[in-house]
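Visitor: I would like to learn how to read a model like this one. Please take me through it feature by feature.

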Amino acid sequence: MFESIEEYILSHIDSEPPLLSDMARDAQANLLHGRMVSGHLQGRLLKMFARMIRPRRVLEIGTYTGYSAICLAEGMDDDAELYTIEKDDEMEDFIRKYFDRSEQQNKIRLIFGDALQIIPAFDDDFFDMAFIDGDKRQYNAYFEQVLPKIRQGGFILADNTLWNGKLLQKVAGNDWQTKGIMEFNESLVNDKRVEKVILPVRDGLTLIQKK
Ligand SMILES: C[S@@+](CC[C@H](N)C(=O)[O-])C[C@H]1O[C@@H](n2cnc3c(N)ncnc32)[C@H](O)[C@@H]1O
């Protein structure tokens, strides 16, 4: 019998490609925050969104191991481009170990640095889609920088917007990550520039469309 709905879901959707299973295992065993990888369900969902949106150019904030980057790229056309930005350059060897083995490698442009320093250099309306998955304290800042770079009708996905339910509890004064997500959700709800919906998938995924 299935022990949980999640187990049931995972056994009734497309399987996780072997390269990504290897990466997830490697991350769990050898990285401090291995649980940050998107994982099987969200990974298949990201691929499906990319397939549906058919973006020419995608921006990702927060590469980490490259798991979500490969999933997004899987759903993109062969000549489309994914720009993925990672602040922690100590992840480079890990990321390249998997990108080099991936059939998606030609679509992926890996950039090291702080997304907030890098994004302003892109032209306005350059991207059709973005995936925000960096530092939770900076979600509002990322959003304000990313929005002008997205074409009208384009999509932004923001990860972890339910933050393990911590939003519903009393927030400690120094819990800046929870506060960052709460501020992002609060400002988005009245933001007339976009339409939005929160999916209760994994840790919460907000889908945003620029009007
Ligand atoms: C949750 S992990 C990303 C997980 C990955 N997107 C996935 O789904 O598999 C967040 C990553 O964002 C990176 N990060 C945090 N702040 C950043 C910034 N300002 N610019 C670029 N990367 C950042 C962190 O170093 C970390 O690797």
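**Reading the fold**

Guide: Helices (H or I, at least four residues) and strands (E, at least two) are DSSP runs, numbered from the N terminus. Residues are numbered from 1 along each chain as its sequence is written. This is a predicted model, in which local features need pLDDT of at least 70 and side-chain atom pairs count only at pLDDT 80 or more, while totals for chains, interfaces and linings use all residues.

Visitor: Is L20 buried or exposed?

Guide: The general idea is a count of neighbours: a residue is buried if 20 or more other C-beta atoms lie within 10 Å of its own, exposed if 12 or fewer, and partly exposed in between, with C-beta atoms placed from the backbone. L20 counts as buried because it has 25 C-beta neighbours inside 10 Å.

Visitor: Which residues is L20 in contact with, leaving aside neighbours within four places in sequence?

Guide: Two residues are in contact if their C-beta atoms, placed from the backbone, lie within 7 Å. On that basis L20 is in contact with G43, Y67 and I70. A separate reading uses C-alpha atoms: those of L20 and Y98 are separated by 8.4 Å, although the two residues are 78 apart along the chain.

Visitor: How do I read the sheet, and what is the order of its strands?

Guide: Two strands pair if DSSP finds at least two bridges between them. Here seven strands form an open sheet in the order 3-2-1-4-5-7-6, with mixed pairing. Strand 3 (108-112) and strand 6 (194-199) are at the edges with a single partner strand each, so one side of each has no neighbour in the sheet. From one strand to the next, the twist averages 15°. For such angles, axes are lines fitted to C-alpha atoms, for helices over the stretch in contact, and angles run from 0 to 180 degrees between N-to-C directions.

Visitor: Which strands pair in the parallel sense, and where do residues stand opposite each other?

Guide: Strand 2 pairs with strand 3 in the parallel sense over five bridges, and T84 stands opposite L110 in strand 3. Strand 1 and strand 4 are also parallel, over four bridges, with V58 opposite M129 in strand 4. Strand 4 and strand 5 are joined in parallel by five bridges; F127 has I150 in strand 5 as its bridge partner.

Visitor: And which are antiparallel?

Guide: Strand 5 and strand 7 (residues 205-210) pair in the antiparallel sense over five bridges, with D159 opposite L205 in strand 7. Strand 6 and strand 7 run antiparallel and are joined by six bridges. These two form a hairpin with five residues between them, and R202 in the turn has a positive phi of about 50°.

Visitor: Which residues come nearest to the ligand?

Guide: A residue is near a molecule or strand if its C-beta atom, placed from the backbone, lies within 6 Å of it. Of the 20 residues around the ligand, S38, G62, Y64, S68 and A115 come nearest. Helix 4 (67-75), strand 2 (81-86) and helix 6 (115-118) each supply at least two residues of this shell.

Visitor: What should I read from Y64 itself?

Guide: Y64 is in the loop between strand 1 and helix 4. Its phi is positive, about 55°, although Y64 is not a glycine. Y64 is buried, because 24 other C-beta atoms lie within 10 Å.

Visitor: Where is H33, and is H33 buried or exposed?

Guide: H33 is in the loop between helix 2 (18-30) and helix 3 (40-53). With 9 other C-beta atoms within 10 Å, H33 is exposed. H33 and Y64 are 31 residues apart in sequence and 9.5 Å apart in space, C-alpha to C-alpha.
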